[in-house]
Amino acid sequence: STMLEGVADAMAYVITTNGTSIDFSPDPLTESQPGMSKAALVILVFEAFRSHPLGYVGFLFFLTIWTTLALPVTPLEVCAGCVFGPIWGTMGSLFGKTLGCCCALWIGRSMGKSQGWKMPAALEKYLGLLISRPFETMCAVRIAPIPLGVKNYGLSLVRYPNDRYPIKEYVFCCLVVGGPFSVVWGLTGHTASSLVEVVGKYV
């Protein structure tokens with residue numbers, strides 16, 4: 001329960017600040033190894049994914065958690081294209097992102113009300129349309145220049161009549177909007193000569 005409460009506190013902070021005030025410095029990923037840069041750590045992780053028989057599964061799990069925490073996914077998608085190729089890299093990125101968004105939806109709907117989370121101001125203007133035309137409006141929210149955490153956890157706070165959330169529309173929206181981005185970043189990673197080139201540009 002302590003871990004879930006910590007996640008709840010972190011996500012509440014993302015929502016209430018609209019994702020604009022989060023400071024990830026010092027970076028918890030590299031603080032424990034001061035001699036290792038973020039770029040070096042990303043290369044190390046993806047080389048492990050490349051070499052291990054279950055590396056692709058590990059990548060899917062890693063990206064799912066990463067997206068659930070509302071961290072930037074583009075660098076990982078480009079790295080996936082470089083390591084797994086344009087097809088498997090793109091498919092894995094889209095699957096991992098979508099599953100992470102669904103995890104965020106579940107967390108928000110399970111804990112948002114009890115933790116007192118409030119609807120982000122950035123999404124308030126969409127509330128009426130989210131009720132009447134959920135799929136189209138969710139797509140508009142996904143495309144809008146709004147931080148990922150605000151999109152994921154903010155959308156989870158929308159209360160529908162009879163508490164019947166349009167989960168099918170939510171998942172389909174994630175696939176439709178996220179698909180083109182995954183294709184572009186997967187192809188970008190595939191054209192790179194190495195992970196070193198990728199992380200040099202995107203990490």
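Buried here means under 20% relative accessible area, exposed means over 50%, and partly exposed is what lies in between, computed with a 1.4 Å probe on protein chains only. Before you move on, note that this is a predicted model, where local features need pLDDT of at least 70 and side-chain atom pairs count only at pLDDT 80 or more, while totals for chains, interfaces and linings use all residues. Residues are numbered from 1 along each chain as its sequence is written, and side-chain values use heavy atoms, with hydrogens and water left out.

**Stop 1: the partner of Trp-117**

Searching the whole structure turns up 13 aromatic pairs. In the pair you have selected, the ring centres of Trp-117 and Tyr-153 sit 6.0 Å apart with their planes at 80 degrees, which means the pair is edge-to-face. For the terms: rings of Phe, Tyr and Trp (its six-membered ring) pair if their centres lie within 6.5 Å, and planes under 30 degrees apart are stacked, over 60 edge-to-face, and the rest tilted.

Which parts of the chain does this pair link? Trp-117 is in the loop between α5 and α6 (121-124), while Tyr-153 belongs to helix α9 (residues 148-156), 36 residues apart.

Next, select Tyr-160 and Tyr-165. Their ring centres are 5.2 Å apart and their planes stand at 80 degrees, so this pair is edge-to-face. Tyr-160 is buried at 9% relative accessible area, and Tyr-165 counts as buried at 10%.

**Stop 2: helix α9**

Color α9 on its own. Eight of its nine residues are buried, so α9 is largely enclosed by the rest of the structure. Among the buried ones are Lys-151, Asn-152 and Tyr-153.

Then show α5 (residues 74-115). How far apart are the axes where α5 and α9 pack? They are 7 Å apart, at an angle of about 45 degrees. That makes α5 oblique to α9: angles under 35 degrees count as roughly parallel, over 145 as roughly antiparallel, 65 to 115 as roughly perpendicular, and the rest as oblique. The axes are lines fitted to C-alpha atoms, for helices over the stretch in contact, with angles from 0 to 180 degrees between N-to-C directions.

To see the contact (heavy atoms within 4.5 Å), pick Cys-101, Ala-104, Leu-105, Ile-107, Gly-108 and Arg-109 of α5 together with Asn-152, Tyr-153 and Ser-156 of α9.

**Stop 3: along α5 to Pro-86**

Slide along α5 to Pro-86, which lies in this helix. Is Pro-86 buried or partly exposed? At 27% relative accessibility, Pro-86 counts as partly exposed. Leaving aside residues up to four places away in sequence, Pro-86 touches Gly-81, Gly-186, Leu-187 and His-190.

**Stop 4: helix α11 and its partners**

Select α11 (residues 195-202): its axis and that of α5 come within 10 Å and cross at roughly 165 degrees. That makes α5 roughly antiparallel to α11. From α5, Pro-75, Val-78, Cys-79, Cys-82 and Val-83 make the contact, meeting Leu-195, Val-198, Val-199 and Tyr-202 of α11.

Helix α3 (residues 38-51) is another partner, its axis coming within 10 Å of that of α11 and crossing at roughly 140 degrees. That makes α3 oblique to α11. Show Ala-39, Val-42, Ile-43, Phe-46, Glu-47 and Arg-50 of α3 with Leu-195, Val-196 and Val-199 of α11 to see the contact.

While you have Phe-46 up, follow its rings: ring pairs link Phe-46, Phe-49, Tyr-56, Phe-59, Phe-62, Trp-66, Phe-84 and Trp-88 into a cluster.

**Last stop: zoom out**

Show the whole protein: there are eleven helices and zero strands. Helices (H or I, at least four residues) and strands (E, at least two) are DSSP runs, numbered from the N terminus. Of the 203 residues, 44% count as buried. Among contacts with a separation of 6 or more, residues 24 or more positions apart account for 76%.
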